[in-house]
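Please look over the sequence and the structure below before reading on. The paragraphs that follow go through the chain part by part.

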Amino acid sequence: MTQDVEMKENPVPSNSITPTSPSTFDNLKEIAGLIETGAYTREVRRIMRAVRLTISFRRKLKPSVLYDFLSFALTLGSDAYTRISAYLPKEDEHEMEVDTAISVTQSPVKHPLPEIEMYCYLLVLIFLIDQKNYGEAKACASASVARLRNLNRRTVDVLASRLYFYYSLSYELSGDLAEIRGDLLALHRIATLRHDELGQETLLNLLLRNYLHYNLYDQAEKLRSKAPRFEAHSNQQFCRYLFYLGKIRTIQLEYTDAKESLLQAARKAPVAALGFRVQCNKWAVIVRLLLGEIPERTLFMQKGMEKALRPYFELTNAVRIGDLELFKSVAERFSSTFNKDGTHNLIVRLRHNVIRTGLRNISISYSRISLVDVATKLRLNSANPVADAESIVAKAIRDGAVDAILDHTNGWMVSKETGDIYSTNEPQMTFNSRIAFCLNMHNEAVRALRFPPNSHKEKESAEKRRERQQQEQELAKHIAEEDDDEF
């Protein structure tokens, strides 16, 4: 009995020693200190780290926590505090006043920095979007953008790029994306004059998304071709740019360049950005089919993408077989999905590829076949299928898709004997394209490497080395856990 009593008493001290995790408000205070340090020392990397830390616990934001942080970061009764707090809901006002009073007594020091003010705007805007309060989110985003017009500080650029993104997102979610196109163009011009390269990247992508949302591909291409280009500062923004460029190239029938851009965007995208990678793969599948290629089966079996890519898998199967009836049935069955993805017009272009694939299969199977049988096998349901089959065969022979001869007198298609493919230049061309792909990937990896400034001149102290290693570990952790809302 005494042993049982001792065993029951043992867990009590262990529970009392268990450390408590810091609250959301404590995390926000640490981030405010990080931003303050970055603003005074003009180290942009600290502010970028603060933004990454914010994304990791955005789901924990509550009105009471935000009120406490606004009271901590801004002076009570100031214009900034009044403007920003007006967008928060007024429920549980008594509890918020109590919490605010407590926080003010605990931390009377204020941070009258523009970086802190813009960070407060960013927190409130993220909270409003997560709560689907798009009306207040639009008002808050517009106020923050108006405030940014008067700030020309390089330490604000990181926060400004995030505010631009949520500014466009709030209007897109409410269906009013066209209203801010002029403002985005003006902001892009201001960012160019201020040499804000990160802001230029973000605003260019937002403008391209705005144009493509309303199918204004010509205007998007004119803007893209005339906008200044420089080395990418953000991997996410560069991935978006490649995706939009691939869509523009696809509509302009430049399928080879479109395929390269889309595959590069899908490869560079973070693992957490599943939705973005799915969209890249959808467009890449269509482009490869339009080029006459058949995507590998493993592309459709990637983890988390099987269900989303199922319509495109069945479409690829229909194109591979060359069955026109199966292609029509798949297009009709998944027409709503294709319309939602914006690929329906591209699928209409695939009809000719399906017919050409079926004709190539017929050419391989038969050394000589009549045009009547060709029309029957291709299932051409037209008024004069034989004449249509004759024109299709003639065009395929002219384009080099089929190695055959058309006998107009007897109404036959006579296939030529297939020679040894290794006696041609095709294996060499394929091998050369693979080498070029590998070299291009290597060059991109080298360009993506980042080194601290003046690392070859200054020797790193032990304290700086520990700080750098800690930041690298936190960066790797937050990149792995990063939400894909940016995409």
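Is Asn-215 buried or exposed? At 56% relative accessibility, Asn-215 counts as exposed; here buried means under 20% relative accessible area, exposed over 50%, and partly exposed in between, with a 1.4 Å probe and protein chains only. Asn-215 sits in the loop between H12 and helix H13 (217-226); helices (H or I, at least four residues) and strands (E, at least two) are DSSP runs, numbered from the N terminus. Although Asn-215 is not a glycine, its phi is positive, about 60°. Most residues other than glycine have a negative phi. His-195 also is not a glycine and has a positive phi of about 60°. The loop that holds His-195 is the one between H11 and H12, and with a relative accessible area of 63% His-195 is exposed.

The model is a predicted one, in which local features need pLDDT of at least 70 and side-chain atom pairs count only at pLDDT 80 or more, while totals for chains, interfaces and linings use all residues. Residues are numbered from 1 along each chain as its sequence is written, and side-chain values use heavy atoms, with hydrogens and water left out.

The chain as a whole has 25 helices and 3 strands. Of its 487 residues, 43% count as buried. Among contacts between residues at least 6 apart in sequence, 67% join residues at least 24 apart, where contact means heavy atoms within 4.5 Å.

Two of the strands can be taken together. E2 (residues 404-407) and E3 (residues 412-415) pair in the antiparallel sense over 4 bridges; strands pair if DSSP finds at least two bridges between them. The bridge partner of Asp-407 in E3 is Trp-412. The two strands, E2 and E3, form a hairpin with 4 residues between them, and Gly-411 in the turn has a positive phi of about 70°. In a regular strand the side chains alternate between the two faces of the sheet.

Ser-144 lies in helix H9 (residues 134-148) and is buried, with a relative accessible area of 1%. Leaving aside neighbours within four places in sequence, Ser-144 is in contact with Met-118, Tyr-121 and Leu-163. Lys-282 belongs to helix H16 (residues 274-290). Lys-282 counts as buried because its relative accessibility is 7%. Not counting residues up to four places away in sequence, Lys-282 touches Ala-308, Leu-309, Tyr-312 and Asp-341.

Which element gives the largest share of the lining of the second largest pocket? That element is H16, with 6 residues. A pocket is an open set of points on a 1 Å grid over the protein atoms alone, with protein on both sides within 12 Å along at least five of seven lines, and lining residues have an atom within 4 Å of a point. The second largest pocket has a volume of about 1200 Å³, a volume being the space filled by probe spheres set on the points, which are joined across faces, edges and corners. Its lining has 40 residues, of which Glu-172, Arg-209, Lys-247, Gln-279 and Lys-340 lie nearest the centre. Elements that give two or more residues to this lining include H10 (157-173), H12 (197-213) and H14 (235-251). By class, the lining has 18 nonpolar, 12 polar and 10 charged residues; Ala, Val, Leu, Ile, Met, Phe, Trp, Tyr, Cys and Pro count as nonpolar, Asp, Glu, Lys and Arg as charged, and the others, Gly among them, as polar.

A search of the whole structure finds 5 cavities of 30 Å³ or more, a cavity being a set of grid points where a 1.4 Å probe fits but cannot get out. The largest cavity holds about 120 Å³ of space. Its lining is made up of 15 residues, of which Leu-151, Asp-157, Tyr-164, Arg-194 and Asp-196 lie nearest its centre. H10 and helix H11 (181-193) are the elements that give two or more residues to this lining.

A search of the whole structure finds 0 disulfides, a disulfide being a pair of cysteine sulfur atoms within 2.5 Å. For Cys-280, the nearest cysteine sulfur, that of Cys-239, is 7.6 Å away. Cys-280 is buried, at 0% relative accessibility, whereas Cys-438 is partly exposed, with a relative accessible area of 49%.
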